[in-house]
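Please open the model in your viewer and keep the sequence panel beside it. The tour moves from one selection to the next and says what to look for at each stop.

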Amino acid sequence: MSSSSSSSSSSSCCTLLIGLLCVVLLGGSLSHGQLSPTFYDSTCPNASNIVRGIISEALKTDARIGGSLIRLHFHDCFVNGCDGSLLLNNSATIQSEKEAPPNNNSARGFGVVDNIKTALETACPATVSCADILAIAAEESVSLAGGPSWNVSLGRRDSTTANRTAAGLFLPGPTEALSVLKAKFLAVGLNSTDLVALSGAHTFGRAQCSTFINRLYNFSGSGNPDPTLNTTYLSTLQGICPQNGNTTVVTNLDLTTPDVFDNKYFSNLQSLEGLLQSDQELFSTTGDETVAIVNNFTANQTAFFASFVVSMIKMGNISPLTGTAGEIRLNCGKVNNSTGSDGLLYSSM
């Protein structure tokens with residue numbers, strides 16, 4: 001989308017988003033000092049190695065699992081904070097966030113999370129939260145793909161509720177204007193540098209045609225493709241996603257090095273080869289501060305990696321449950337002391 005100044009309706013939308021998010025996050029600060037990289041050192045010292053081993057095994061048959069797992073962490077944290085709420089299934093009292101529009105038929109990797117949880121329950125029963133599993137899995141996925149490593153702050157506990165409505169409202173979407181994206185990030189304490197850095201996670205993984213087909217044929221009702229889309233790349237994407245075709249077909253988010261965590265995502269934006277509208281907006285919004293950040297990350301992968309680590313830690317600190325709040329779920333899809341679809345009773349600690 002070529003950039004223009006935000007309309008009054010867009011500004012009103014951004015103000016409303018911030019206000020609504022403040023209501024959702026009321027009572028929880030954006031950062032908790034109680035989280036610590038050493039949280040499991042005495043109770044489950046091998047936790048990260050267990051997570052890494054299972055992801056490594058999964059990568060042998062599913063090259064996109066790393067991108068899927070980091071997306072789960074992201075989509076969890078943006079809804080009521082990093083509390084594992086995304087992992088909860090439907091029940092008599094819970095409307096699962098998995099069925100919110102941004103997640104429905106697109107969020108994936110839940111089976112790998114379940115495998116991790118099973119292994120951790122064997123090694124350290126009732127100790128490692130599902131919310132922390134998502135945080136560790138995100139770091140290990142990046143590291144295994146050649147990206148940076150960092151000490152993950154731990155000690156989150158799991159929520160006993162989910163919020164499908166908030167997931168539908170507050171998760172950043174692939175077709176949203178930069179002004180809306182910035183508002184959604186700002187509302188959870190993340191700035192423009194965080195937005196660009198975290199968007200860089202699209203340097204690996206896949207996306208469905210449904211997330212970008214709006215750019216290929218009738219962009220913004222114009223009857224023409226998105227003018228910020230490289231014409232050669234446009235032809236390629238039209239071949240992958242024909243009009244009235246199967247919108248669940250997937251293609252690489254990064255056409256250059258699709259399974260490697262590097263800074264090629266940003267040089268793709270400079271070449272007008274960002275897959276999602278929300279990606280290309282970062283570079284093609286004339287005059288916005290994000291353009292200079294993209295240019296910096298393109299020229300300096302070390303700078304991107306450093307900023308990405310800072311932003312991931314900040315994101316992981318969004319309103320976690322700590323201390324005695326929440327619980328340590330024994331099954332990531334079910335609240336403790338609840339009867340699941342399998343008919344079994346899951347008792348609490």
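Begin by selecting Glu-327, which touches Arg-157, Asp-158, Thr-160, Val-335 and Asn-336 when residues up to four places away in sequence are not counted, a contact being heavy atoms within 4.5 Å. This is a predicted model, in which local features need pLDDT of at least 70 and side-chain atom pairs count only at pLDDT 80 or more, while totals for chains, interfaces and linings use all residues. Residues are numbered from 1 along each chain as its sequence is written, and side-chain values use heavy atoms, with hydrogens and water left out.

Glu-327 sits in the loop between α13 and β3 (338-339); helices (H or I, at least four residues) and strands (E, at least two) are DSSP runs, numbered from the N terminus. With 11% relative accessibility, Glu-327 counts as buried, a term that means under 20% relative accessible area, as against over 50% for exposed and in between for partly exposed (1.4 Å probe, protein chains only).

Now move to helix α12 (residues 289-299) and select its buried residues, Thr-290, Val-291, Ile-293, Val-294, Phe-297 and Thr-298. Viewed down the axis of α12, these buried residues fall within an arc of 165°, so they line one face of the helix; the arc is that of the directions from the helix axis to the C-beta atoms. On the other side of α12, select Ala-292 and Ala-299, which are exposed.

Finally, show what covers the buried residues of α12, including α7 (178-186), α8 (192-199) and α13 (301-316).
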